[in-house]
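Keep it brisk, and give the cut-offs behind each term.

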Amino acid sequence: MSEIASRLQHHFADEEQQYDAATFGMWVFLVTEIMFFGGLLMTYVVYRTTFPQVFAEASHHLNIYLGTFNTIVLIGSSLTMAMAVHSARLNHRNALAGYLVLTMILGSVFLGVKSYEYAHKWHEGLFPGNFFYDGPDAVHQRLFFSVYFALTGLHAAHMIIGIGIMAVMLRMTLKNSFDENWYTPVELTGLYWHFVDLVWIFLFPLLYLIERHG
Amino acid sequence: MPKHSYNPQAAVRAYLTVFSCLMGFTALTVAAAFVDLGPMNNVVAMAIAVTKAVLVAMIFMHLRGGSPLNVLWISSGIFGFMIMLAFPLLDLLSRNILGIPGK
């Protein structure tokens, strides 16, 4: 009981209210993230509506196998993150640490594949800038790749931050900071990581799967 | 801590079910992209993405069984995002429909 009492801040009526306030706060932050990505998605929608054919052609430069592989990796990392929160809830310390490490590994695999894709695009001259290739419709293709690098870059930045937060969670786990009555930071890290997965769920079809037929 | 009593077996089963569904939908969306459905390709891709997003939000992110305030707040957020999408498109798609320069 002394542990529980020490976790409860004096301005909350009880543990439940404290937990609800914390998760609600996280959701408030996540909605600001929707707006953050939303501005870029708006750019995507406007340019794709204006140049549908160019966007389809530019999209075919992306490697659909790597994109699909990364989607599977990220969904896998969402499962391990859900299992990490589950383990925290049951106060299974070793399982929590293991699942956090597994999630970090899967996140790193995603980033590794992504950096390979970036390097490939760079060598093909598809990074917007002075060395952009001068094939057909280069001016408009540049728009697609600007949006591609901005969206996936912002997403990757979120993943790097997420892995950093998980490192902190791992440290707290190993220092016995959590128990079944208080694991709120793990739950909130989970919400953040699942949100990153959610963003990719939309980015994958929008960027990789345009007009693949024919 | 959440108010509801927690059933560990049921929770793990739900997580694994959602994971399998997400994998299935990923395969489906890639397969659908190679079929020529005309403008419906976009609709199918987005419908699958929204279904996947709802599964993740409800089960992995514990919207189901959590505070209803969270659902209300996120719905408002998505509604705001829809407004952000709709109003610029209203302008973009209605340009030059009158055939009068500048209108």
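In helix 2 of chain B, the buried residues are Asn41(B), Ala45(B), Ile48(B), Ala49(B), Lys52(B), Val56(B), Ala57(B), Ile59(B) and Phe60(B). Buried means that 20 or more other C-beta atoms lie within 10 Å of a residue's own; exposed means 12 or fewer, partly exposed lies in between, and C-beta atoms are placed from the backbone. Helices (H or I, at least four residues) and strands (E, at least two) are DSSP runs, numbered from the N terminus. The cover over these buried residues includes helix 4 and helix 7 of chain A, together with helix 1 of chain B. An α-helix has 3.6 residues a turn, so residues three or four places apart point the same way.

This is a predicted model: local features need pLDDT of at least 70, side-chain atom pairs count only at pLDDT 80 or more, and totals for chains, interfaces and linings use all residues. Residues are numbered from 1 along each chain as its sequence is written, and chains are lettered from A and ligands numbered from 1 in the order in which they are written.

Two helices can be set against their expected spans. The expected span is 1.5 Å times one less than the number of residues.

| Helix | Residues | Span, first to last C-alpha | Expected span |
|---|---|---|---|
| Helix 2 of chain B | 21 residues | 29 Å | 30 Å |
| Helix 7 of chain A | 25 residues | 36 Å | 36 Å |

Both spans are close to expectation. After helix 2 of chain B comes His62(B), with a positive phi near 60°.

**Chain B**

Chain B holds three helices and zero strands. Its elements run α-α-α from the N terminus. Its radius of gyration is 20 Å, well over the 13 Å that the globule rule gives for 103 residues, so chain B is more spread out than a compact globule. That radius is taken over C-alpha atoms, and the globule rule is 2.2 Å times the number of residues to the power 0.38. The C-alpha atoms fill a box of roughly 65 × 35 × 10 Å along the principal axes. Of the 103 residues in chain B, 21% are buried.

Chain B divides into domain 1 (1-66) and domain 2 (67-103). Such bounds come from an automatic or database domain assignment. The centres of the two domains, taken over C-alpha atoms, lie 25 Å apart.

**The interface**

How many residues does each chain bring to the contact? Chain B gives 39 residues and chain A gives 39 residues. Residues are in contact if their C-beta atoms, placed from the backbone, lie within 7 Å. On the chain B side, helix 1, helix 2 and helix 3 (68-93) each supply at least two residues. Helix 3 of chain B has the largest share, with twelve residues. The chain B side comprises 30 nonpolar, six polar and three charged residues. Here Ala, Val, Leu, Ile, Met, Phe, Trp, Tyr, Cys and Pro count as nonpolar, Asp, Glu, Lys and Arg as charged, and the others, Gly among them, as polar.

Chain A has seven helices and zero strands. Its C-alpha trace spans about 70 × 30 × 30 Å along the principal axes. Buried residues make up 37% of its 214 residues. Of the contacts in chain A with a separation of 6 or more, 76% join residues 24 or more positions apart.

The largest nonpolar core has 71 residues; Ala84(A), Phe144(A) and Leu207(A) touch the most other members. Such a core is a set of buried Ala, Val, Leu, Ile, Met, Phe, Trp, Tyr and Cys residues joined through C-beta atoms within 7 Å. Elements giving two or more residues to this core include helix 7 of chain A, and helix 1 (8-33) and helix 2 (40-60) of chain B. Helix 7 of chain A gives the most, with 16 residues. In helix 7 of chain A, 22 of the 25 residues are buried, so this helix is largely enclosed by the rest of the structure. Leaving aside neighbours within four places in sequence, Phe144(A) is in contact with Val54(A), Phe55(A), Ala58(A) and Ser59(A).

**Local points in chain A**

Asn91(A) has a positive phi near 60°. Asn91(A) sits in the loop between helix 4 and helix 5. It is partly exposed, with 14 other C-beta atoms within 10 Å. Asn176(A) also has a positive phi near 60°, and lies in the loop between helix 6 and helix 7. Asn176(A) is exposed, with 8 other C-beta atoms within 10 Å.

Technical notes
Two residues are in contact if their C-beta atoms, placed from the backbone, lie within 7 Å.
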